[in-house]
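Please consult the sequence and structure shown here while reading.

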Amino acid sequence: MTEIKKDYTAAFVDEEIKDDLIKEVKQKIETENDFAIDYKVQLLVKNLIKENVIKYETPNKVRKKILKRTNSGLDVYKKSNKPRSYIFEKPAFAFATALVIVFAIALILMNRVGFVEEKDFDMEQTGENNLFVQAQNNFNMIIQGKLDLQIKTSDTKEVLKFFQDKVINYSTIIPDIPQMILSGAFISEENGERFAHLVYAGKNNELAYLYQVDESYLYDSQIITLTNDFIKYLDEMNCYSKVTENHVTLLTKIESNICAIVSNGNSDTIENYFCSQ
Amino acid sequence: MLAFPLSVITSEERKLNEEFQLKAIPHLDELYDFAYRVTGSSSNAGALLIETFRRAYWFWAKLDERIGCKAWLFRIMRNTYTSIYWKKTKKSGEVNYEDILKLYESLKPSSTGDYILKIENYNLPENELTKIISTLPYDFRIVIILKDILGHSYDDIADFVDVPIGTVRSRLYRARKMLFVRLKKYAADNDNLNNPETKI
């Protein structure tokens, strides 16, 4: 006979108990207070999760990348449906085949997705002209009250006109960041070129700051910089984010602009929004 | 002479693509959701998902129809995560369950009618529960994600985690108790629990 332990209350909640034990577990829950309370706790937590947890959807960029790779006839990882042993049936090809396999493995290792390595991008960004560095410095100055908005409005048309009047030489994007309202904008100037900056605020005074430059400024690599591998990473429609205790810094490419977003708001919301564009 | 074998390869590839689109792609969102909760960021989740599907495509011929495509994809994701990501980011993740149990015993109500057992008394802000779940040690977090968020069966979870079903049941039971302790602490610290007795 199976001993009914308290962890069966979890299985009872999940309807994962075999028929012959259901009655016994139910009886325990109905007659023993400890079992009854554990059952209620299990049920409460399960239902709270069911009601409160939001499901995450695959960002469009990631979806497109996967679909593109699996649709492409040129993918280096494409394989034959035949079992591997068939390949070696013709001795004349065995050596050449082995070479191809070694080469393929080398390619795979070189092309492995670097979701750990990407974390180091921020370590390589240095210098006062670096976009990443500038974005973080500007954000710190904004929250310390040392950098003022040149236009205070939540009207996107007014902000776009402001950028136009101030001769920003590239098209600017004003996204609707969830749970944030546009507070205004300012421009900066580097070697005669002007750049657009936006500031958003949330209900609890959290801020989001967006600094955007046309990608061509980065390719020239004189006025605004990022390391080449970082530019390549962003150009491949990847989204980079660095979350620290106080804020999230995120870089992504939207249309032809490289955008740096720094916020002390909810990092998940910021990441989900910008990384699924 | 050359045209025929080429057309055979093309047709095989087309068949592979069609099968993959039909069977694997529909599970993208569920795998992404899982990856996000395990890695903790959208960029890492995206990278893990891409790598998982790259491997799945590569080994498509090895798909075991008996376990089903979804379970197979989750298995690939688990292996990808443990082989590439987990080793480099593994934190101690150790938990003294005896301490948690003592805390649970001291916090749990004495009767099933207690207000802290009623779901309507919890006012949790959006994402708060997700954050609380992310603080659980890996072994416990994983069963909560697979069962309570993604709705997998105990059989599938046992296959995924590679433990007996009894261990799945026990981990879920303990994980929910840990969550209860953390939820109650959060609610008490933030005044997010309605106690009807204190209301005028």
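Q: With which residue does A:Lys46 form a salt bridge?
A: In this predicted model, local features need pLDDT of at least 70 and side-chain atom pairs count only at pLDDT 80 or more, whereas totals for chains, interfaces and linings use all residues. Residues are numbered from 1 along each chain as its sequence is written, chains are lettered from A and ligands numbered from 1 in the order in which they are written, and side-chain values use heavy atoms, with hydrogens and water left out. A salt bridge is a side-chain nitrogen of Lys or Arg within 4 Å of a carboxyl oxygen of Asp or Glu. The closest N and O atoms are 3.4 Å apart, and the partner of A:Lys46 is B:Asp148.

Q: Which helices hold B:Asp148 and A:Lys46?
A: The side chains of B:Asp148 and A:Lys46 meet in a salt bridge. Helices here are DSSP runs (H or I, at least four residues), numbered from the N terminus. The pair joins two chains, because B:Asp148 lies in helix α7 (residues 138–149) of chain B and A:Lys46 in helix α3 of chain A.

Q: How many salt bridges are counted between chain A and chain B?
A: A search of the whole structure, over all chains, finds 20 salt bridges. Between chain A and chain B the count is 6.

Q: What area is buried between chain A and chain B?
A: Contact, meaning heavy atoms within 4.5 Å, involves 64 residues of chain A and 68 residues of chain B. Buried area is the accessible area (1.4 Å probe) that two parts lose on being put together, summed over both. Carbon and sulfur atoms give 60% of the area buried between chain A and chain B, which is about 6400 Å².

Q: At what angle do α3(A) and helix α9 of chain B pack?
A: Axes are lines fitted to C-alpha atoms, for helices over the stretch in contact, and angles run from 0 to 180 degrees between N-to-C directions. Angles of 65 to 115 degrees count as roughly perpendicular, and α3(A) and α9(B) are therefore roughly perpendicular to each other. With their axes 9 Å apart, α3(A) and α9 (residues 165–190) of chain B pack at an angle of about 75 degrees.

Q: How many nonpolar residues has the contact of α3(A) with α9(B)?
A: Residues of α3(A), including A:Val41 and A:Leu48, meet residues of α9(B), among them B:Leu172 and B:Phe180. Ala, Val, Leu, Ile, Met, Phe, Trp, Tyr, Cys and Pro count as nonpolar, Asp, Glu, Lys and Arg as charged, and the others, Gly among them, as polar. By class, this contact has 1 polar, 4 charged and 10 nonpolar residues.

Note on methods: Angles under 35 degrees count as roughly parallel, over 145 as roughly antiparallel, 65 to 115 as roughly perpendicular and the rest as oblique.
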